[in-house]
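Here are my notes for you, written as numbered points. Keep the model open beside you and look up each place as you read.

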Amino acid sequence: MPQPNSWFATPADAAARLAASGYLADEATATTAYLAGALEKPLLVEGPAGVGKTELAKAVARVTGADLVRLQCYEGLDEARALYEWNYKKQLLRIQSSQGTDQAWSETHDDIFTDEFLLTRPLLTAIRREEPTVLLIDEVDKTDVEVEGLLLEVLSDFQVTIPELGTVSAVRRPFVVLTSNATRELSEAVKRRCLYLHLDYPDAEREREIVSSQVPDLEERVAAQLVATITRLRDLDLKKAPSIAESVDWARTLVALEIGDLDDRAIADTLGVVLKHASDQARAVKELRLRA
Amino acid sequence: MSLVDRHIQFLEALRGAGLSVSLAEDLDAIRALRALEWDDRATVRAGYAATLVKKQSQRPTFDALFDLYFPRMVGDGAAAATREQDPEGGVRDNAEALSGFRDQVVDALAEGDRQAMVELAADMVARFGAMPGRGPGLSSWSAYTALQRVAPAELTDRIVAALLAAGRPEDDGRREAARRIGSFTTLVEADARRRIAEEKGPDHVAGVAVRPTIDRLDFTAARKADLEEMRREIYPLARRLATRLTQEHHARRRGPLDFRRTVRASMSTGGVPMITHHKPKRPHRTELVVLCDVSGSVANFAQFTLLLVYALRDQFEKVRAFTFIDHVHEVTPYFTPGADPADVMADLAASTAHAALWGRTNYGRALAKFEVNHADALGPKSSLLILGDARSNYSDLNLDVLKRLAGSARHAWWLNPEHRRHWDTGDSAATRYGDIVPMVECRNLTQLGELVHDIL
């Protein structure tokens, strides 16, 4: 039986509330987002760049009134920047200030490994927060394999073990979203602990809704032309097919240039907004017969 | 059969098809289903997909199996009941019914109405794909028969005409029509599977009807649509490989200890070498010479390997590529930086003629020609990569030439797209060549990716 939970009541509720905040989710996305809240499991979102993976986490934070804690992953990310770090300068000061007094070393030792000297980093911050939190771990595939091991404890038990302090468990489980561009396979261990969602380019109808909602100034007719062109471009076997982010950029460009009709000439002039490889542009010009 | 049994069977089928579904994920799926409403099939599918499928390349397999174990409808579904009352539905299969049905197909495909296509596919298998058996339980359904009779491919021109009338440009309409016919064909095949599964049990179908995922599909078994899909996979595969290589390279970046710098740095800590300094490691880059058989049987494999090698061009010092059938032709110039893979493929296909004099594969002659014309390509820094099935039409193998070529290169590999059990059958000289140059089996994109990674 469906149980009520603090994030979304039903998949339909998730879809409706996300849509109200400007994120138009399809059925699978809404269902999976609902499940992530209901099962309290992390959600791994994969897909090409610019289809709204990060935006999903932000939208969830917006509609549930939660705060967003973000960990941007990159090569070389380590424990000290993901989990926690001891503020050793402050610790040093503490030791120096206690040197005049006759405080025993063991007391000082206990003193300097307390909360006061702990610098929390995103993962620990998200776990210790008492308010509703959305934890976004962005571009997990950019990190080294060792960092994945670091994530495991956080993802499965929502706890962090600090040798000097003990284990810190989540007061309130955050809604965790991991995003990945699939530049490398994540380990089975991480995947097993997550729900998985693949976001792909939307169908024409949804894309038009998204473009219209993001760029309300765009005329209905131009929006339809734009989406039709984007759909054709995606069929062309390009190095980097245009994503939703690029459609929206294109729509903004057309509004800024006050182009009222997306004809071949207008497409050719503004192609640089959507296609970012020279060979892709050449191919598009050839296939769409832009310069006959 | 209870719901749990069906769930377990579904999981077993997924595991059988190569998805690694763990017990933990099994339990997650159950928890997900408890949290969801059961009245919508799409929701159940999304719930299963979120908990069980962790790789997008496995999604088609999952969808096919889900359709088998949780079918859209039973038999002809609710539509059958209404059709019984329809007086014109009396004769369901004759010439007139067939042409009427084809008109319906054209309309639905021209509209692009997904729901109508699904219903028509079910109707089509029911009417034209039935194979009556001699007794109960022996009847079956054939997507092949249905497709042969209705022949949607022959309707292309009518669909294109309808699309053009709707204001689409010519080539776009043609592509769109081909795609819709392709998806309609897939729907018909899926519906036939559904009906067979209903009569004989899903386990019976699951083993045979589900194709391997695209990265595990044999090059030699690929259909035209699969080849398209594979070509789209090449670029992402190259990107993944490049990322992996860079990371591995960074992990080994620290070279031997730089003694002078370490001592100099130790001055600031009173002579205690607190921080060691290392010499940077010089990246080693290979010069690669690719020699590939482009005769009909292995042409696809050669093209994919060439594309992958060229997508990874930055990782090599230099790449030279040669194709052969019974003559050698250099194809390096076709791979210009940033070139469009589709154009490159077309150019390669067109240049095949240069690689043949008589058109019968002759490894011995090709190797000899290579030694005469292009021996300068191989040097102590270069690696030789030979692609082919080693089937030389019983001609002279020129083993000593290959021995000399392999000897002049730093490394040599032979990738064979055939399954190991087919080696040495017929005119295959796999072992005899394999004794000189280490030969490895390379049948699908996964294996190809691993091999290219090892070569680097």
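1. Start with B:Ala390, which sits in the loop joining β8 to α17 (399-408) of chain B. The phi angle of B:Ala390 is near 60°, a positive value in a residue that is not glycine. B:Ala390 counts as buried because 25 other C-beta atoms lie within 10 Å. The scale works like this: 20 or more other C-beta atoms within 10 Å of a residue's own make it buried, 12 or fewer make it exposed, and anything in between is partly exposed, with C-beta atoms placed from the backbone.

2. Before you go on, please note that this is a predicted model, in which local features need pLDDT of at least 70 and side-chain atom pairs count only at pLDDT 80 or more, while totals for chains, interfaces and linings use all residues. Residues are numbered from 1 along each chain as its sequence is written, and chains are lettered from A and ligands numbered from 1 in the order in which they are written.

3. Now compare B:Asp424, found in the loop between β9 and α18 (430-434) of chain B. Its phi is near 65°, again a positive value in a residue other than glycine.

4. Chain B has an open sheet of 6 strands in the order β7-β6-β5-β8-β9-β10, with mixed pairing; two strands pair if DSSP finds at least two bridges between them. At the edges are β7 (328-330) and β10 (439-441) of chain B, each pairing on one side only. On average, neighbouring strands of this sheet are turned by 25° against each other, direction ignored.

5. Strand β9 (residues 411-416) of chain B pairs with β10(B) in the parallel sense over 3 bridges. To find the pairing on screen, go to B:Trp414, whose bridge partner in β10(B) is B:Met439. Helix α14 (residues 299-311) of chain B lies across β5 (286-293), β6 (316-324), β8 (382-387) and β9 of chain B, and runs at about 165° to β5(B). For such angles, axes are lines fitted to C-alpha atoms, for helices over the stretch in contact, and the angles run from 0 to 180 degrees between N-to-C directions.

6. Chain A has an open sheet too, with 5 strands in the order β2-β5-β8-β1-β9 and parallel pairing. Its edge strands are β2 (67-72) and β9 (195-198) of chain A, and the twist averages 20° from one strand to the next. Strand β1 (residues 43-46) of chain A pairs with β9(A) over 4 bridges in the parallel sense, and A:Leu197 in β9(A) is the bridge partner of A:Val45. Helix α2 (residues 27-38) of chain A packs on this sheet, touching β1, β8 (175-180) and β9 of chain A, with its direction at about 160° to that of β9(A).

7. What is the overall build of chain A? There are 14 helices and 9 strands in chain A. Its radius of gyration, taken over C-alpha atoms, is 24 Å, well over the 19 Å that the globule rule gives for 292 residues, so chain A is more spread out than a compact globule. That rule is 2.2 Å times the number of residues to the power 0.38.

8. Chain A is divided into domain 1 (11-83 + 121-198) and domain 2 (204-287), with bounds from an automatic or database domain assignment. Their centres, taken over C-alpha atoms, are separated by 31 Å. Between them, 8 residues of domain 1 of chain A are in contact with 8 residues of domain 2 of chain A, where contact means C-beta atoms, placed from the backbone, within 7 Å.

9. Finally, which residues does A:Thr229 contact, leaving aside its neighbours within four places in sequence? They are A:Leu262 and A:Ile267. A:Thr229 belongs to helix α11 (residues 220-234) of chain A and is buried, with 21 other C-beta atoms within 10 Å.

Note on methods
Helices (H or I, at least four residues) and strands (E, at least two) are DSSP runs, numbered from the N terminus. Two residues are in contact if their C-beta atoms, placed from the backbone, lie within 7 Å.
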